[in-house]
Amino acid sequence: MTYYLVMTSLEGAALNTRIPSAVAIWAPNVLLTIVGLGLLVATAREWRWPAMPGVWRGLEALRRAVPSRPLWRRRRGPGEARDSTHIIDRYLVRQYVTFMGIGLAVAAALFVVIDLVKTLDKYLRVKPPLMYILEHFAYRLPAALHDGLPVVMLVATIFLFLTLSRYHELTALKAAGVSLYRLSAPILGLALVVAIGSGLFQELALPRLNERGDEVDRVKIRGQAPRHLQSRHRLWVRGGDSRFYRVELLHPGTEDMYGVTLLELDREFRLVERLDARWAHWTTQGWELSEGAYRRISADGKVQTVPFGWTALDLKEEMEDIMRIQKSVSTMSFWELRDYIGQLKAAGFEVRKDLVELYSKLSFPLVNVVMVLVAIPFALQSPRGERLFGIGLAIAIMAGYLVVHYVALAFARADLLPPLIAAWSANVIFMGIGASLLLRART
């Protein structure tokens, strides 16, 4: 994959005449040949990384320079324990964070590989610069890790408690009087912190990342115009409670519209005015229209027609209002989506599907806590802490959660469940299952 990415980037540069073609075609071969020969020689001679004692002495001096204890310490009273009473908590959190780090690394590698498998043929055909491909992953990878974070939390929890059972640490802690609930407290607390961080990331960073990722894929890699500058056909726009625009062809770049129809309705949704124009152009002074006609329909159905060759019209709607493109749900925060749903509801549109997405934005961060709560009692049922059992268990739990979640969403779209219940049903069901099993577990 590295070979093809380098080759694609260099071919793109050669097509743009920035480097010679021969250099672009042969550079990947030469580069990987040199690397391969170097590694082969190093392996044959059993070459090892140099000791670099100066570097290690510098790092050790830097470590000693950093104070290992806080500058301010509370005075211990007589009879107080000298050592921290939270050694077990720190040990569990450290182990759990290690499993989370491994899980995130594996998830990142899987995403990169799968994304390249799906898009490598496009890169070979379009030949974008390597920087654009790296920019694509810079925006897409954090969003993908955010979506896969509940799975990482689930696997990390299962593997942590499998490890504690495998090396009999759980038995030793129970024998020392530490209950299962006390052991679970730091993990559940960490899951709650992750859920809060996930919610903040979803609101503050995720919409911008998705928007920038779409722009990189569409504009830089595919070479298309930005969405707000793309020509659009057969466009309907609602200008207010009673005004509608119909545009056959919109050219945002030149601020021209062709085949324009303006409809004005009364409160009974009866047509009272209609304006047709072959061409309309936006200027800072207003609209310029040519080759059209203005019609007024009276209450008794009579039509008065006034044709025109050229005219100027002052309307409340500007070109920016006509060519505004509504963001996709993935590029909107909770508050933006809520305002958008309010506008749709006021205009009389169906908003059930959008309400499900709105409530899902609230319920998704809590999935991290739900996965931890469900995983703890199930992981305790593993025979001798086998890792293979843990992987199968994680797949089964996540598959069950997704089935419940998507069935509830399907019921909501069919108007069989309220959107709020559909978005939260999987969380409530699995949280109940996890809490019930945890309360029944041997502590």
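This is a short tour of the structure, stop by stop.

The model is predicted, so local features need pLDDT of at least 70, side-chain atom pairs count only at pLDDT 80 or more, and totals for chains, interfaces and linings use all residues. Residues are numbered from 1 along each chain as its sequence is written, and side-chain values use heavy atoms, with hydrogens and water left out.

**Stop 1: two loops**

Select Glu46. Glu46 sits in the loop between helix H2 (21-44) and helix H3 (53-65). Helices here are DSSP runs of H or I with at least four residues, strands are runs of E with at least two, and both are numbered from the N terminus. Look at the backbone: phi of Glu46 is near 50°, a positive value in a residue other than glycine. Is Glu46 buried or exposed? Glu46 counts as exposed because its relative accessibility is 67%. The cut-offs are under 20% relative accessible area for buried and over 50% for exposed, with partly exposed in between (1.4 Å probe, protein chains only).

Now select His168. His168 lies in the loop between helix H5 (130-166) and helix H6 (169-175). His168 is not a glycine, yet its phi is positive, about 60°. His168 has 57% relative accessibility, so it counts as exposed.

**Stop 2: the cores**

Select Tyr96, Met153, Leu154, Ile158 and Met371. Of the 42 residues in the largest nonpolar core, these five touch the most other members. A nonpolar core is a set of buried Ala, Val, Leu, Ile, Met, Phe, Trp, Tyr and Cys residues joined through side-chain atoms within 4.5 Å. Several helices each supply at least two residues of this core, among them helix H4 (87-126), helix H7 (180-204) and helix H14 (419-440).

Zoom in on Met371. What is Met371 in contact with, leaving aside neighbours within four places in sequence? Show Pro150, Leu154, Ile397, Met398 and Tyr401. Contact means heavy atoms within 4.5 Å.

Then move to a second, separate core of 16 residues. Its members include Val237, Val247, Leu262 and Leu289.

**Stop 3: the strands**

Select strand S3 (residues 256-265) and strand S4 (residues 271-283). They run antiparallel, joined by 9 bridges. Two strands pair if DSSP finds at least two bridges between them. Find Thr261: its bridge partner in S4 is Asp276. The hairpin of S3 and S4 has 5 residues between the strands. In that hairpin, Phe269 takes a positive phi near 60°.

S4 and S5 pair in the antiparallel sense over 10 bridges. Here the hairpin joins S4 to S5 through 2 residues. Finish at Trp282, which stands opposite Trp287 in S5.
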